[in-house]
Amino acid sequence: DGKHIVSGSKDRTVKMWDLEAGMLEYTIKGHYSSIVSLAVTSDGKHIVSGSGDNTMKVWSLDSGKLQRTLEGHTDSVNAVILTLDGKHIVSGSKDRTVKMWDLEAGMLEYTIKGHYSSIVSLAVTSDGKHIVSGSGDNTMKVWSLDSGKLQRTLEGHTDSVNAVILTLDGKHIVS
């Protein structure tokens, strides 16, 4: 909404800040390890936090109350993003998997395997058809959002791909 900042910390909290006033509005506690990734739904109703405790939690943005806990990764959830329609969460983990979740139902839809090291970054293409994952195996992989099938592997880095983003026109991946 342009009025708030959400932060996650090694202190295992998520905090909501009023941007204009620079004041803390509330603190959320519930993870058992560091918060390493955050996303906010496009409708502004939920915060999704990924943690070193191998879980994601979905919180009400208005109240900070826990809505659900998503379990399925076997190691730290390093990256969380939401699909453009806001209906799905995509998570990437130190367990080397990417998972697609139904936000409303809180159910795992599918798991993608194909990287040889931790998933550390994720992006969704502007057309909403593909997921891009960056990994500690020095590659990026492009996956079909519908099926989870590998479309291509992009190589060129000599170390971990810690960040991926797509240009606004969707024609280029920057890593």
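## A bridge between two strands

S121 has G134 in β13 as its bridge partner. Strands here are DSSP runs (E, at least two residues), numbered from the N terminus. β13 covers residues 130-135 and runs antiparallel to β12, with five bridges joining the two. Two strands count as paired if DSSP finds at least two bridges between them.

This is a predicted model, where local features need pLDDT of at least 70, side-chain atom pairs count only at pLDDT 80 or more, and totals for chains, interfaces and linings use all residues. Residues are numbered from 1 along each chain as its sequence is written, and side-chain values use heavy atoms, with hydrogens and water left out.

β8 pairs with β9 (residues 88-93) over five bridges in the antiparallel sense. Within that pair, V77 stands opposite S93 in β9.

## The nonpolar cores

The largest nonpolar core has 13 residues, and V90, V98, M100, I112, L122 and I131 touch the most other members. Such a core is a set of buried Ala, Val, Leu, Ile, Met, Phe, Trp, Tyr and Cys residues joined through side-chain atoms within 4.5 Å. At least two residues of this core come from each of β8 (77-82), β10 (97-102), β11 (107-113) and β12 (119-124). β12 gives the most, with three residues.

A second, separate core has 11 residues, including A39, V58, V80 and L103.

## A look at T97

T97 lies in strand β10. Is T97 buried or exposed? T97 is buried, with a relative accessible area of 7%. Buried means under 20% relative accessible area, exposed over 50%, and partly exposed in between (1.4 Å probe, protein chains only).

Beyond its neighbours within four places in sequence, T97 is in contact (heavy atoms within 4.5 Å) with residues including H73, S91, T111 and I119. The T97 side chain also makes a polar contact with the side chain of D95 (2.6 Å). A polar contact is a pair of N or O atoms within 3.5 Å; within protein, one must be able to donate a hydrogen and the other to accept it, and residues adjacent in sequence count only if both atoms are side-chain atoms.

Terms used: Helix = DSSP H or I, 4+ residues; strand = E, 2+ residues; numbered from the N terminus.
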